Amino acid sequence: MAEDECFLADLVAEGLREQAMAVDVAYDGAAAWERLSVNEYDVLVLDRDLPHMHGDEICRELAQRGETVRILMLTASGAVHERVTGLNLGADDYLAKPFAFDELVARIRALGRRAGPPLPPVLERAGITLDTARRQAVRDGRFLPLSRKEYAVLEVLMQARGMVVSTEELLERAWDEHTDPFTTVVKVTMSKLRAKLGDPPVIVTVPGSGYRL
């Protein structure tokens with residue numbers, strides 16, 4: 001998220017993390033461009049009036065480079081000509097401030113579905129059913145009371161369809177850039193997730209590579 005109103009940026013980022021989204025925050029255009037140059041994102045929430053590098057310039061550069069990140073542009077003006085200008089620059093969606101947080105979440109999720117292969121409404125594997133709309137998990141008819149990070153890790157593993165997922169990929173997709181790459185948070189979360197999934201075990205540790213379901 002690129003937003004120069006620090007309080008708003010931090011508040012929204014925390015809310016999005018509670019929705020099991022991995023979120024990075026930049027408070028000016030230059031910092032946002034630096035992150036975009038080194039990281040891959042599904043969705044960019046971009047304030048239009050950023051200092052140091054204007055949101056319009058970021059949007060234009062991303063479009064010219066053919067980047068696949070989906071852009072949700074934020075602005076204090078909801079005028080039609082402002083929306084048209086933003087969309088013509090390459091933005092995929094447009095939201096005027098002040099906005100309802102629930103609408104922001106819905107728009108981000110909609111753009112996220114367009115950023116990659118469509119995510120089925122229900123994922124099933126090894127007796128586990130994941131309802132991606134309700135964000136609920138069930139194993140053999142038993143509801144799983146997962147935390148948002150446990151759910152995010154399980155979703156990544158189920159999307160992999162039996163392929164190995166590295167610790168680095170889990171950190172990138174379920175946490176954010178401020179997470180220490182040497183942290184044990186993945187191991188701890190995996191341990192809690194395994195306990196809630198119960199027996200027989202379905203998550204396999206592949207030494208030196210990661211985990212698979």
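Start by selecting Arg-70 and Asp-92 in this predicted model: their side chains meet in a salt bridge, with 3.3 Å from N to O. Color by secondary structure and you will see that the pair links distant parts of the chain, 22 residues apart: Arg-70 sits in strand β2 (residues 70-75), while Asp-92 is in the loop between α4 (80-89) and β3.

Next, select Arg-107 and Asp-93. Here the closest N and O atoms of the salt bridge are 2.8 Å apart. Arg-107 belongs to helix α5 and Asp-93 to strand β3, so this pair ties together parts that are 14 residues apart in sequence. Which of these two partners is buried? Asp-93 is, with a relative accessible area of 18%, whereas Arg-107 is partly exposed at 25%.

Now move to Lys-97 and Glu-3, joined by a salt bridge whose closest N and O atoms lie 2.9 Å apart. Lys-97 is in the loop between β3 (93-96) and α5 (101-115), and Glu-3 is in the segment before α1 (6-18), so the contact ties together parts 94 residues apart in sequence. Lys-97 counts as buried because its relative accessibility is 18%, and Glu-3 counts as buried at 0%.

To finish, zoom out to the whole model. How many salt bridges are there to look for? The count comes to 12.

Technical notes. Residues are numbered from 1 along each chain as its sequence is written. This is a predicted model: local features need pLDDT of at least 70, side-chain atom pairs count only at pLDDT 80 or more; totals for chains, interfaces and linings use all residues. Side-chain values use heavy atoms; hydrogens and water are left out. A salt bridge is a side-chain nitrogen of Lys or Arg within 4 Å of a carboxyl oxygen of Asp or Glu. Helices (H or I, at least four residues) and strands (E, at least two) are DSSP runs, numbered from the N terminus. Buried means under 20% relative accessible area, exposed over 50%, partly exposed in between (1.4 Å probe, protein chains only).
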